[in-house]
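User: I am new to this structure and would like to learn how to read its features. Please take them one at a time.

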Amino acid sequence: YLPEAASTTFGQLRQAFVKSSSKGQSIPMGIGCSSNSKMVINTSRFLADEGHDEDEGGHGVSENQCADDSMFCWYRCMALTEETATCAERRLGLQCVDPRGLVVEGGAGHGDFFPACTNNTHITHPITPYPQIEQQDADVCTADLWTEFNGEEEYDHVISLKPDPTKPGPDTNLYWSIIESEDGQKKLKARLTFNDVFGWLAMGFANEFDTVHNGMNGGKVLLMKPGGEYSPVTGLDLSVGPNVGAYVIDDTDSAFRHWVDTESAVEKASHEHTDCFTALSFESDNISGQAFNLEGTDDIIWAGNSNDYYVGYHSPFSRARLTINWLTGDVEFFVSKPAWGAEDDADVSEADPLDSPTKLEDDDSSSSTIGASIGLAIVIISIMML
């Protein structure tokens, strides 16, 4: 129940949020102890709303909502460190930058951005795209050639990793069989094919406890890269050659530079790529120590990049999260549900296209988690009167 200053119950607020969300309306929300004249700003990234274009990764929080000890960067309020809190004292500016030292104006950019002390500005060092990989030639990369690329070996099961073939994005397939080694140990023999050029390609286990990026943070994945000796400033060193490694994605920071050092060897894996298509093949019973449930189901994520050699952002149309039954081949694509878990509210919320590796569709998300502790009133203030 809310404090005496308000006469609205928790249940009434919940119903108001559900009703507003179902009508496509956006309600800025914060969770914390507050009077009814202020909204507590949650400094984590907010879900997209009308305030930003989806393609830019808007998250419903603006610069003037950030506290004095944080700054607006990557569409969220990012906490300042001891170093970045003293920029002015050192006659440096406080900017939202990427690892190359490029500055995103006003913090409104989607990518690997963070606060830094620098005299670079968005005028002297504007954000520029990474050098782009040579793209597919539509006259060469035909449907027949794609069919041929997919049909090189027989597998017991095959699924499309595109939940909706009418949506944009490259066709992506997963082929697999369950095999046994000489000692009777069961393994997954699989091939992931990607109808696009080779920037990177990955698949693995979703982390069911990650509610920020819906399974990506903390996930264990096989990552196929066209090079090695990674630098966030210069990208991959292509002279090293293509390789496949097992990685554990950082629990909180998604950028590759935060988990590049988690690589471990893969028992048996191979890479394949042409000027048109990419494929990752492997045989194993685990990824980074997490075993496949070959007698049942696993929660799987995949993603691919065909734009650059910086092991960076994948588009909302080149990724998905799904549950796979390895025995039957049945698949269920992931859709996030309201935090309260009511079945009749299931249509209110779908996965955010820019913050989660869950779906290929560019769906909006309006779900938020509302929590409470015994003896502590948790107040949600949206400056509305019920």
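This is a predicted model: local features need pLDDT of at least 70, side-chain atom pairs count only at pLDDT 80 or more; totals for chains, interfaces and linings use all residues.

User: How many salt bridges does the structure hold?
Analyst: Side chains of opposite charge can pair when their charged atoms come close. A salt bridge here is a side-chain nitrogen of Lys or Arg within 4 Å of a carboxyl oxygen of Asp or Glu. The structure holds 8 of them. One of these joins Glu295 and Lys186, at 2.8 Å from N to O. Glu295 sits in the loop between strand 17 (290-291) and strand 18, and Lys186 in strand 8 (residues 186-194), so this pair ties together parts 109 residues apart in sequence. Helices (H or I, at least four residues) and strands (E, at least two) are DSSP runs, numbered from the N terminus.

User: Which residue does Lys187 form a salt bridge with?
Analyst: Its partner is Glu267, and the closest N and O atoms are 2.4 Å apart. Lys187 belongs to strand 8 and Glu267 to the loop between strand 13 and strand 14 (268-273), so parts 80 residues apart in sequence are tied together.

User: Is Lys187 buried or exposed?
Analyst: Buried means under 20% relative accessible area, exposed over 50%, and partly exposed in between (1.4 Å probe, protein chains only). With a relative accessible area of 13%, Lys187 is buried. Glu295 counts as exposed at 52%, and Lys186 as partly exposed at 36%. In another salt bridge, Lys162 meets Asp171 at 4.0 Å, N to O. Lys162 is buried at 7% relative accessibility, whereas Asp171 is partly exposed at 35%.

User: How is burial read for a whole strand, and which strand pairs with strand 13?
Analyst: Burial can be counted residue by residue. In strand 13 (residues 243-248), 5 of the 6 residues are buried, so the rest of the structure largely encloses it. Two strands pair if DSSP finds at least two bridges between them. Strand 10 (residues 220-225) pairs with strand 13 in the antiparallel sense, over 6 bridges. Lys220 has Val248 of strand 13 as its bridge partner.

User: Where in the structure is Trp74, with its positive phi?
Analyst: Trp74 lies in the loop between strand 2 (70-73) and strand 3 (76-79). Its phi is about 60°, although Trp74 is not a glycine. Trp74 counts as buried at 11% relative accessibility. Val311, another residue other than glycine, has a positive phi near 50°. Its place is the loop between strand 18 (297-305) and strand 19 (319-325), and at 8% relative accessibility Val311 is buried.

User: Which residues gather in a patch of negative charge?
Analyst: Asp and Glu count as negative, Lys and Arg as positive, with His and the chain ends not counted. A charge patch is made of residues with over 30% relative accessible area and no salt bridge, like charges being joined within 9 Å. The place of a charge is NZ of Lys, CZ of Arg, CG of Asp or CD of Glu, and accessible areas come from the Shrake-Rupley method with a 1.4 Å probe. Glu134, Asp137, Asp139 and Asp275 form such a negative patch on the surface. Asp137 is in the loop between strand 5 (114-118) and helix 2 (143-150), and counts as partly exposed at 40% relative accessibility.

Note on methods
Residues are numbered from 1 along each chain as its sequence is written. Side-chain values use heavy atoms; hydrogens and water are left out. Patches are made of residues with over 30% relative accessible area and no salt bridge: like charges are joined within 9 Å, nonpolar side chains (Val, Leu, Ile, Met, Phe, Trp, Tyr) within 5 Å.
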